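I opened the notebook to work through one protein chain, element by element. Here is what I looked up.

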Amino acid sequence: MTYLLDKIKEYIKDVTYNVKNKFSLNNDLDKNINLDKIIKREFKKAIKSLRKSGIIKYLENKYDINYIEPELEIVEDDPSIIGKYFQYENKIIISKKSIEREIANQLKILDYKKESISDIHGIEYLDMGFNTRFLYPLYINKRNIIEAIAEAIILSMLLHELWHSIDWIILDKLAKDSIEYSNILKNFELRASAFEVIMYYLITGLYKDEKGLVAAYKNIPTCREYIEEMNKLEKDEHKRIRVPYDLGFCYGNIIVAKYKSSLEENIHNIIDDILHL
């Protein structure tokens, strides 16, 4: 097992950091994928998974709420967001051009030769996070890597924003019941990022795959180093804003690494813990 993990870690290092010929997205995106179709499909997948796993029902019973699925709106370009939840309209807005830019960024990091794109198999690793680098696994399985990256980016973003929709409904209920809710106001992004990571692994099935889990294992030392640098980050006005996101990524990866293949059977307890972050 140790030998296998060492080989996988070396593989991750190679795909993440080695320099290869650059891949140009330019005119290839529109030819290869239909972003509108993927966004709608991943949205349905995320909602279906929240219901199938019993998370929505569990939260409705626990907080005596009626969860209303947010509306999905796709816009051509909003440079300020990839996706965002608007609580007063109960709507998630997604910017297609922002997704295209993120796909191009991930392809540049992976730095694959254009002619080899259709020959990629198995699992690859995206570079996520804000003030540091977190590995995010995704399945390729003989598909177009652009489509696979688009699905991973869109699914993770939707899970993040869907948690915001859950948070706001719970917050509204607590406010109506005159229950203290200041903690919820403080940690919106931390909880959403933790939920995003955990549910991404659960929905994709990567929590049952050693090559997927090893990304979570590798992210934990990164988190230790990140926490040690917290004082410096808190003093930087721009980096400080992103700290809750990164801490949520850290928490999510720790939970995935802790539960491994038992992630699904423990998901309600995990959700309880997220609620109290």
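**Entry 1. Whole chain.**
I noted at the outset that this is a predicted model. I counted secondary structure and got 12 helices and five strands. The protein chain has 277 residues, and 51% of them count as buried. I then turned to contacts with a sequence separation of 6 or more. Of these, 68% join residues 24 or more positions apart.

**Entry 2. H3 against H8.**
At what angle do H3 and H8 pack? I found about 90° between helix H3, residues 35-52, and helix H8, residues 188-204. Their axes are 11 Å apart. The range for roughly perpendicular is 65 to 115 degrees, so H3 is roughly perpendicular to H8. I listed who makes the contact. H3 supplies Lys45, Ala46, Ser49 and Leu50. H8 supplies Phe195, Met199 and Ile203. By type, I have five nonpolar residues, one polar and one charged.

**Entry 3. Three residues of H8.**
I stayed on H8 and looked up Ser193, which lies in this helix. Is Ser193 buried or exposed? Its relative accessibility is 1%, so Ser193 counts as buried. Leaving out neighbours within four places in sequence, I found Ser193 in contact with His160, Tyr245, Gly248 and Phe249.

Tyr200 came next, also placed in H8. Tyr200 has 1% relative accessibility and therefore counts as buried. With residues up to four places away left out, Tyr200 touches Tyr136, Pro137, Leu138, Ala152, Leu155, Ser156, Leu159 and Leu206. I also checked Tyr200 against His160. They are 40 residues apart in sequence, and their C-alpha atoms are 9.7 Å apart.

Then I took Tyr201, again in helix H8. Tyr201 is buried, because its relative accessible area is 1%. Which residues does Tyr201 contact, beyond neighbours within four places in sequence? I wrote down Pro137, Leu206, Tyr207, Gly212, Leu213, Ala215, Ala216, Asn253, Val256 and Leu263.

**Entry 4. H9.**
Helix H9 covers residues 210-228, 19 residues in total. From first C-alpha to last I got 28 Å, close to the 27 Å expected at 1.5 Å a residue. What sits at the start of H9? I found a side-chain oxygen of Asp209 within 2.9 Å of the backbone nitrogen of Lys211. The buried residues of H9 are Gly212, Leu213, Val214, Ala215, Ala216, Asn219, Ile220, Thr222, Cys223 and Tyr226. Gly212, Leu213, Ala215 and Ala216 had already turned up among the contacts of Tyr201.

**Entry 5. H5.**
I ran the span check on helix H5, residues 96-110. H5 has 15 residues and reaches 21 Å, close to the expected 21 Å. Which residues of H5 are buried? My list reads Lys96, Ser98, Ile99, Glu100, Ile103, Gln106, Leu107 and Leu110.

**Entry 6. Tyr67.**
I left the helices for Tyr67, in the loop between helix H4 (55-63) and strand E1 (71-75). Tyr67 has 6% relative accessibility, so it counts as buried. Apart from neighbours within four places in sequence, its contacts are Arg51, Ile56, Glu60, Leu162, Ser165, Ile166 and Ile169. One of these, Ser165, makes a side-chain to side-chain polar contact with Tyr67, at 2.7 Å. I also noted Lys57, 10 residues from Tyr67 along the chain. Their C-alpha atoms are separated by 8.6 Å.

**Entry 7. Positive phi.**
I reminded myself that most residues other than glycine have a negative phi. Asn90 is not a glycine, yet has a positive phi of about 50°. Where is Asn90? I placed Asn90 in the loop between strand E2 (83-86) and strand E3 (91-95). At 17% relative accessibility, Asn90 counts as buried.

Lys260, also not a glycine, has a positive phi of about 50°. Lys260 sits in the loop between helix H11 (237-259) and helix H12 (267-275). With a relative accessible area of 35%, Lys260 is partly exposed.

Note on methods. Residues numbered from 1 in each chain as written. Predicted model: local features only at pLDDT ≥ 70, side-chain atom pairs only at ≥ 80, totals over all residues. Heavy atoms only, no water. Axes fitted to C-alpha atoms, helices over the stretch in contact; angles between N-to-C directions. Helix = DSSP H or I, 4+ residues; strand = E, 2+ residues; numbered from the N terminus. Parallel < 35°, antiparallel > 145°, perpendicular 65-115°, else oblique. Contact = heavy atoms within 4.5 Å. Nonpolar A, V, L, I, M, F, W, Y, C, P; charged D, E, K, R; others polar. Expected span 1.5 Å × (residues − 1). Buried < 20%, exposed > 50% of the residue type's maximum accessible area, 1.4 Å probe, protein only. Polar contact = N/O pair within 3.5 Å; in protein donor to acceptor, adjacent residues only side chain to side chain.
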